[in-house]
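Dear colleague,

I am handing over the structure below, and after it I set out what was found. Please read the notes with the coordinates open beside them.

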Amino acid sequence: MSDSPPTDSDRTPPSDAPSKGGSTFYWHYAWVIVAIAAIMQMVGASIRMAFGVFIEPLSQTFQWDQGDITLAYGINSVVSAIASPAAGWVGDRIGVRKAMAIGALMFIAGMAITGVIQELWQFYVAFGVILGTAQAIFLVPLLPGVMRWYRRQLGWGMGILMASWGVGPAIAAPIMGLMIVHLGWQGTFWVTAAGSAVIMAILIYLYKDSPADIGVEPYGTLPGESFKIEIVIDKVKASNFASHMKKTSAYYNMSSIHFLGCVGHAVILVYLIPIAVQEGIDLVAAATILAVMAAVSVPSRFAVPVLAEKVGVRAIMAIFYFLQGVTVILLFWTHEHWMFYLFAVVFGVGYGGESGGFPILNRKYYGHAPQGSPYGFQMLGAGLGMALGGWIGGVIFDITNGYGWALVISVVASIAGMVSIMLLEPTDELIIPDWELDASPSIGH
Amino acid sequence: MAVQLRGITVLGLPIQFLAVAIVNAALFVYLSGWAALARVEARSDSYHAAAFGEPALRSRPGDDTVVAGIDTEEQPWERVALFVCPLH
């Protein structure tokens with residue numbers, strides 16, 4: 001965000017023109033920031049991603065029902081969704097580095113407490129509430145924090161960050177599984193807490209809120225461009241931007257689009273294994289199918305932000321929503337082993353690209369304004385979508401003894417998201433370029 | 001058409017967002033009600049079967065005896081779901 005009033009160049013979203021002597025890529029601390037954010041999110045989300053491996057040990061230790069145990073995952077998802085807007089606001093107000101420190105303390109405390117639980121309600125508080133809140137703090141402010149490091153070529157930075165979201169699930173479950181075998185479930189929580197504390201302390205030390213902290217300009221800044229970034233947004237400015245932003249349709253529509261996309265893939269992520277098992281495929285092979293899907297999603301996660309920046313964000317997002325939705329139809333005729341693998345590959349492409357366009361869309365609509373709040377609101381939509389999609393399949397199975405209607409809802413949600421993307425405002429101009437000049441927000445954009 | 005749709009707001013909220021929120025809230029209410037009803041009926045059938053035997057064994061041609069209904073206790077969430085859903 002510029003300190004001076006917006007100029008003509010501020011009215012249009014930044015292009016990805018090459019810089020630094022004409023080269024598109026060059027060494028910059030922004031890449032370190034991307035790596036820090038990627039590792040931080042993978043470490044922070046490790047336990048959530050590997051939740052399934054804890055179900056049986058907890059069930060054996062305490063004789064809890066599986067439904068009671070998985071309710072903790074539901075609480076974690078809902079708490080994380082509800083805390084997302086607040087997490088974005090905190091990141092904007094106190095800076096991402098301090099927010100990361102708060103999130104790290106909550107994560108370590110939540111992990112350590114989960115390792116000593118004796119009652120179900122303690123599990124819900126430690127895993128559901130404390131770790132759910134920590135998850136929101138890791139997920140929401142970090143992404144706008146990375147965006148601050150890029151004047152141009154944001155797509156590449158976001159691509160690497162998004163790809164890490166696909167790598168995490170592929171490696172977390174096997175590591176946690178091995179640790180449980182050798183250390184027990186309590187030891188796994190404690191060792192993960194201790195290991196995370198060391199890793200997070202190093203990452204927080206290396207993280208810088210702003211390029212100005214180390215005396216450089218954001219990545220892609222052209223010679224002669226003056227560009228200052230405020231790491232902490234003062235209360236008046238933050239509330240001024242928020243009041244303008246909440247008058248734009250895009251603020252609400254991006255959240256509902258993310259919601260629809262997450263409903264679309266949550267049904268598949270949660271119920272693909274039961275669907276495959278129902279078709280006679282053994283559990284290990286079914287889990288492998290899911291792992292293939294996660295692995296295939298990685299290139300998509302990386303490519304979508306880059307393509308969105310270069311080709312057009314709405315078109316790319318609409319294509320990947322369409323791919324995510326239409327490929328689910330295959331499942332109605334998928335019965336053989338190889339067909340499930342084929343499904344995993346084609347669905348993984350669309351699913352991987354579902355979320356990668358949002359940071360680019362935010363940048364195109366709101367420029368370099370504080371992005372924590374809008375992104376937090378979008379993550380609220382995403383979290384509620386994951387919770388609803390994860391719940392729908394089980395309910396429908398209990399009633400109908402099949403997943404057919406859940407798959408229909410998944411397809412409809414993704415296609416509705418695609419239509420909603422096509423109805424969004426064009427991205428060739430910022431929606432509220434003059435928000436810093438105008439103290440009283442106008443209605444309707 | 002896209003421009004016209006984009007401009008429509010209700011209570012300050014865009015129509016796209018409202019449509020998604022309302023449809024999904026309705027879906028949640030409907031599925032909750034359906035799930036609650038299915039669980040209550042399943043328990044009721046199970047109690048009937050335990051008390052009077054399987055329905056197939058009970059019913060005989062010309063037998064018009066009405067078996068007294070068994071009140072099945074509802075869990076709090078089931079009561080709320082059935083109260084909120086107008087279709088269940």
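In this predicted model, helix α16 of chain A supplies the largest share of a nonpolar surface patch, namely three residues. The patch covers about 770 Å² and is made by A:Phe322, A:Val326, A:Ile329, A:Phe332, A:Trp333, A:Trp405, A:Val408 and A:Val412. Two helices of chain A, α12 (313-328) and α16, each supply at least two of the patch residues, and A:Trp405 has its place in helix α16 of chain A.

The next topic is the interface of the two chains. Here 21 residues of chain A are in contact with 16 residues of chain B, and the chains bury about 1,700 Å² between them, with 75% of that area on carbon and sulfur atoms. On the side of chain A that touches chain B, the helices α10 (249-278), α15 (372-400) and α16 (404-422) of chain A each supply at least two residues, and α15 of chain A gives the most, with eight residues. By residue type, this side of chain A divides into 14 nonpolar, five polar and two charged residues.

Over all chains, the structure holds three salt bridges. One of them is formed by A:Arg148 with A:Asp92, where the closest N and O atoms are 3.3 Å apart. Because A:Arg148 lies in the loop between α7 (142-147) and α8 (154-206) of chain A, while A:Asp92 belongs to helix α4 (residues 66-94) of chain A, the pair ties together parts that are 56 residues apart in sequence.

With best regards

Notes: Residues numbered from 1 in each chain as written. Chains lettered and ligands numbered in written order. Predicted model: local features only at pLDDT ≥ 70, side-chain atom pairs only at ≥ 80, totals over all residues. Heavy atoms only, no water. Contact = heavy atoms within 4.5 Å. Buried area = accessible area lost by both parts, 1.4 Å probe. Helix = DSSP H or I, 4+ residues; strand = E, 2+ residues; numbered from the N terminus. Nonpolar A, V, L, I, M, F, W, Y, C, P; charged D, E, K, R; others polar. Patch = residues over 30% accessible without salt bridge, like charges linked within 9 Å, V, L, I, M, F, W, Y side chains within 5 Å. Areas by Shrake-Rupley, 256 points an atom, 1.4 Å probe, with all protein chains shown as cover. Salt bridge = Lys/Arg side-chain N within 4 Å of Asp/Glu carboxyl O.
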